[in-house]
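Take a look at the chain below. Follow its strands and helices step by step.

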Amino acid sequence: MNTINESERSILESERGDISRRKSTQYLMPVKLETYSTEEEDYNIYPFCPLGDNKIFNGYAGLAQYIMEQREVLIDGYAGIFWDDVVTGLTDFFRNAGLTINISKTSDFFKSADEIEKLVKPFLGADDSVWGSKCTFELSNLYNQELLEIQPKPGYDINIVIGCGAALVNWDAPVIYVDLPKNELQFRMRAGSITNLGCESPSEPTSMYKRFYFVDWVLLNNHKKSILERIKVIADGQWGDDINWMYKEALVEGLSKISQSVIRVRPWFEPGAWGGQWIKDRINNLNKDVINYAWSFELIVPENGLVFESEGYLLEVSFDFLMFSNQAKVLGKHAPVFGDEFPIRFDFLDTFDGGNLSIQVHPRLKYIQEVFGENITQDETYYILDCKEDAKVYLGFQENIDAAEFRSALETSQAQSKEVQIEEFVQCHPAKKHDLFLIPNGTVHSSGKDNLVLEISATPYIFTFKMYDWLRLDLEGKPRPINIAHAFNNLDFERKGDRVQQELISKQYVLEEGADWQIVHLPTHADHFYDVHRLEFAGSMAVNTDNCCHVMMLVEGSSVMVKTSDGSSQVFAYAETFVIPAATSNYELINMGEGKAKVIKAFLK
């Protein structure tokens, strides 16, 4: 069982409350767990892959000792790192050892803020838009040529280049890479304690996020991939004045292990204007002193990380490390199609005792490719994990829909804060536990209140065009963005009337069955590139991957054990997401609770 002692909790409370450095109600992941096991019976917010003893090291002292042995190092890393903390943590040990240090900071070599603004502007869209398009230049374009020409200074015991892009410097020296989870980056962003690359000061969080998503993250992810073979040490920078680190060999070993057994990312949770109480009431170790939780990022891999453990010490790296090096093992026969992009996401939308989601639509494939530079679009489904008796889902248009009348009603509502009678235009369907609603791109939809939706979707996750948001404000008291023009460029007005019942509500049927098990097929829409099965069994069930990745969740029952072909086993609790890589080949699901277990399996067609 993963537990946090009182001193750690005190530290976490202190970090959470330090709004000068991070703005969030969420606890910082502990540096070390006092007790730790992969045999969890409750939902675990800090899942990890154990590496064995002496694989993860704590503190700047050991890292400084490694650097002293090398004499010349490049300390690269992700946006949002508190680089001054890293410098301070290391140089104290160098000075105590009587060594002279020459440190060059990459931030001193950025082009001027004005030059960088001109470079990135074409990728940021309109000022009042929350979207841009993916950047197409390289990280080196943000820096002056002098960065690439830095040489070690003779006469110094230690020479270091530190900061984002340090490995652009062409030294024959080991690279230390300091990673940072995307959730912590955003908490720092919201506090204004970090900036976008090359900016002199932080800006409004929405603008910063747009710049991160469409420019900084794209550049840094490509850079990380390009220097992968040169990295010798990986460090986790989420604690600021403390650090956990490991040698690259240990990471490679861990990635190889999970790419042939089971993967579970670290989930993270966010409140929202429509958020509910299901997550707050049912998932332990989360901060309960929040108004609600709207989302759980269960498996949105552009933002989730992988956690490794050694002797209780935790170290988190971004999911793309796995995809850069092990994509064929993870995706199997679909790797040539998707490359290092993991194509399926799972997340929770919690409206229990909350509100309706906005009436919305997602972009068609050609639109998201041409306008936003994405490769795949946001084709979704709503799996009803739990709901109250009167819960509803808004999906598809009424038979008599008039596009011009609908648009006029929406624009009048936006201009005059006038309520729209949505059900005059959009169908409303009763929601029942285990229903699957199909939302291919271009489909008008929304979850009503009192649902816990497991959203099974293609990976893109920020391209939601809101048309009507029930006249409410966000948690900061500001209007939420409405995107009527984008929406009407993408809405399919033929998804209406009886066609909605026929095509957009999955007709479930038993595909295979045995003495105490069955496979239920929940067919998806023709536009979805993934399909969904539900495995139902009283005892156990053997499954083959057929060289295909399976994304799974226990949706009924208390816990299930997964035994994989490599001989390892792991227990997953109700509502935990886990991934079976294609290379696992075959695995067994064992019901650990009373009654029948039901496990959702999403996979590529």
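Predicted model: local features only at pLDDT ≥ 70, side-chain atom pairs only at ≥ 80, totals over all residues.

Strands of a sheet pair through backbone hydrogen bonds, and they do so either parallel or antiparallel.

β4 is joined to strand β5 (residues 158-162) by five bridges. These two strands run parallel.

Two bridges connect β2 with β8, and the two strands run antiparallel. Look for Phe 57, whose bridge partner in β8 is Trp 245. β8 also pairs with β7, again in the antiparallel sense, over four bridges. There, Asp 236 has Asn 244 of β8 as its bridge partner.

Next come the helix pairs. Return to α3, and find helix α2 (residues 60-70). The axes of α2 and α3 come within 9 Å and cross at roughly 70 degrees. That angle makes α2 roughly perpendicular to α3. Their crossing is right-handed. From α2, the contact uses Tyr 60, Ala 61, Leu 63, Ala 64, Ile 67 and Met 68. From α3, it uses Asp 85, Val 86, Gly 89, Leu 90, Phe 93 and Phe 94. What classes of residue make up the contact of α2 with α3? Ten are nonpolar, one is polar and one is charged.

Move on to helix α6 (residues 182-191) and helix α7 (residues 205-226). Their axes come within 10 Å and cross at roughly 140 degrees. α6 and α7 are therefore oblique to each other. The crossing of α6 and α7 is right-handed. α6 brings Lys 182, Leu 185, Gln 186, Met 189 and Arg 190 to the contact. α7 brings Pro 205, Met 208, Tyr 209, Phe 212 and Trp 217. By class, this contact of α6 with α7 has seven nonpolar, one polar and two charged residues.

Now pick up α8 again. The crossing of α8 and α10 is right-handed. On the α8 side, the residues are Leu 251, Leu 255, Ser 256 and Ile 258. They meet Phe 321, Leu 322, Ser 325, Asn 326 and Lys 329 in α10. Five residues of this contact of α8 with α10 are nonpolar, three are polar and one is charged.

Turn to the sheet of three strands. Its order is β1-β11-β12. This sheet is open, and its pairing is mixed. β1 (49-50) and β12 (313-318) stand at the edges. Each of these has a single partner strand, so one side of each lacks a neighbour in the sheet. Two bridges join β1 to strand β11 (residues 305-310), and these strands run parallel. Find Cys 49 here: its bridge partner in β11 is Phe 308.

Finish with the charged side chains. Side chains of opposite charge can pair when their charged atoms come close. How many salt bridges are there? The count comes to 25. One to find is between the side chains of Glu 576 and Arg 264, at 3.0 Å from N to O. This pair links distant parts of the chain, 312 residues apart. Glu 576 sits in the loop between β28 (569-573) and β29 (577-580). Arg 264 sits in the loop between α8 and β9 (268-270).

Technical notes
Residues numbered from 1 in each chain as written. Heavy atoms only, no water. Axes fitted to C-alpha atoms, helices over the stretch in contact; angles between N-to-C directions. Parallel < 35°, antiparallel > 145°, perpendicular 65-115°, else oblique. Left-handed = near helix turned anticlockwise from the far one by under 90°. Contact = heavy atoms within 4.5 Å. Nonpolar A, V, L, I, M, F, W, Y, C, P; charged D, E, K, R; others polar. Pairing = 2+ DSSP bridges. Salt bridge = Lys/Arg side-chain N within 4 Å of Asp/Glu carboxyl O.
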